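Open your viewer and get ready to click through a few selections. The tour moves from one residue to the next, with a stop for the whole chain along the way.

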Amino acid sequence: MHAPPFMPGLDFASILTVVLPVYLTMAAGFTMRKMELLTAEVDAGVMRLCVMLLTPCLILDRVVGNESVMKPLPVLVAAGLGFSLVTLGIAVAYFAAPMIGLRKNEGRRSFAVSTGLQNYGFVAIPIVTALFPDKGTMGVLFTFTLGVEIACWTSGVGLLTGLGKAPWKLALNPPVLTILFSLLLNFTGLHVYVPEVARRTFTMVGACAVPLAVIIIGASIADIWGQERMRWSVAVLSPVLRLLVIPIAFFGCAFFLPVSLELKRILVIQGAMPSAVFSIMIARHYGGHAPTAVQCVLSTTLVSMVTSPIVIAWAMQALHL
């Protein structure tokens with residue numbers, strides 16, 4: 001089976017119109033912070049609102065009753081790939097870091113975590129929603145993130161603190177617990193008893209989660225912009241790994257594994273994502289080298305503005321998605 005050649009045109013243009021608004025929303029948050037219209041004092045409260053209420057409502061809206069996530073085996077496959085691919089990405093970055101002189105206690109581990117952990121949530125969600133408005137694909141995205149969350153708090157934080165000290169229990173956060181609860185409703189058939197008024201409420205409240213979170217991400221980038229002198233070796237290698245080398249594993253799984261169409265779509269989108277802004281917080285709180293994490297996030301985010309629509313368009317054509 002030969003993949004069709006990549007032809008920039010309507011496919012690329014349509015994907016660009018989907019990806020660009022995400023970055024423009026992020027830029028709006030960046031601008032609001034620079035103009036001091038959005039102060040840092042509100043960030044914690046808004047993110048708590050997103051994590052504790054808005055995102056759980058979004059998950060309930062997209063997962064409960066979703067035909068694509070009614071059986072345990074596909075859910076386990078998606079979560080397993082989420083865990084495995086992030087862990088692999090961290091490992092690839094860790095062993096590549098000495099190429100640019102990064103060593104333990106000098107940024108190597110933070111480079112690995114920041115480069116290996118993609119922005120799997122609030123940047124990916126609006127792209128998936130716009131490209132694949134059916135609830136099936138979004139439901140699979142949330143099951144994939146179960147594995148990513150476990151990898152984040154074990155493979156990621158564990159690399160910084162030592163596996164024995166990794167706060168793996170933090171993987172059981174409100175969004176993850178909501179995913180598990182939603183899946184339980186599906187597996188037991190209890191989803192049919194969720195009243196329509198509740199479903200409508202979940203839809204309305206959940207719709208607020210992504211725009212607010214993306215604006216705060218943009219504001220957070222504004223806070224770290226220019227704080228550290230850019231180390232160009234990091235600024236080059238991190239995007240090369242995050243946006244070129246590591247995605248090969250994502251696309252390989254989508255191409256060769258007998259997984260569902262929805263999971264193939266998720267693998268493509270996730271593979272094209274930049275580093276997670278959350279990795280900066282991980283580095284700061286768990287003994288990492290925060291300046292290295294900042295440089296990874298900034299460089300991959302800037303480069304992904306160009307590469308993400310190109311890579312997604314190519315992969316979707318190659319995989320007939």
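Leaving out residues up to four places away in sequence, threonine 178 touches Pro56, Ile59 and Leu60; a contact means heavy atoms within 4.5 Å.

A word on what you are viewing: this is a predicted model, in which local features need pLDDT of at least 70 and side-chain atom pairs count only at pLDDT 80 or more, while totals for chains, interfaces and linings use all residues. Residues are numbered from 1 along each chain as its sequence is written, and side-chain values use heavy atoms, with hydrogens and water left out.

**Zoom out to the whole chain**

Color by secondary structure next. The chain has 13 helices and zero strands. Its radius of gyration is 19 Å, close to the 20 Å that the globule rule gives for 321 residues, so the chain is as compact as a globular protein of that length. That radius is taken over C-alpha atoms, and the globule rule is 2.2 Å times the number of residues to the power 0.38. Along its principal axes, the C-alpha trace spans about 55 × 50 × 45 Å. Of the 321 residues, 54% are buried.

**Select residues 72–96**

This is helix H3, with 25 residues. At 1.5 Å a residue, H3 should span 36 Å, and its end C-alpha atoms are 36 Å apart, which agrees. The expected span is 1.5 Å times one less than the number of residues. Show the side chains of its buried residues, including Val75, Leu81, Leu85 and Ile90. The buried residues of H3 pack against H4, H6, H7, H10 and H11.

**Step across to residues 108–116**

Now pick helix H4. Nine of the nine residues of H4 are buried, so H4 is largely enclosed by the rest of the structure. Among them are Arg108, Arg109 and Phe111. Show the neighbors too: the buried residues of H4 pack against H3, H6, H10, H12 and H13.

**On to helix H13**

Within H13 (residues 290–318), select serine 304. At 0% relative accessibility, serine 304 counts as buried. Not counting residues up to four places away in sequence, serine 304 touches Tyr23, Leu243, Pro274 and Pro309.

**Out to the surface**

Select Trp225, Leu302, Met305, Val306 and Ile310 together: these residues form a nonpolar patch on the surface, with about 440 Å² of accessible area together. Areas come from the Shrake-Rupley method with a 1.4 Å probe, and for residues only the protein chains shown count as cover. Patch residues have over 30% relative accessible area and no salt bridge; like charges are joined within 9 Å, and nonpolar side chains (Val, Leu, Ile, Met, Phe, Trp, Tyr) within 5 Å. A salt bridge is a side-chain nitrogen of Lys or Arg within 4 Å of a carboxyl oxygen of Asp or Glu. Tryptophan 225 lies in the loop between H9 and H10 and is partly exposed, at 41% relative accessible area.

**Last stop: a loop**

Finish at glutamate 36, in the loop between H1 and H2. Glutamate 36 is exposed, with a relative accessible area of 64%. Its phi is near 65°, a positive value in a residue other than glycine. Most residues other than glycine have a negative phi.

Notes. Helix = DSSP H or I, 4+ residues; strand = E, 2+ residues; numbered from the N terminus. Buried < 20%, exposed > 50% of the residue type's maximum accessible area, 1.4 Å probe, protein only.
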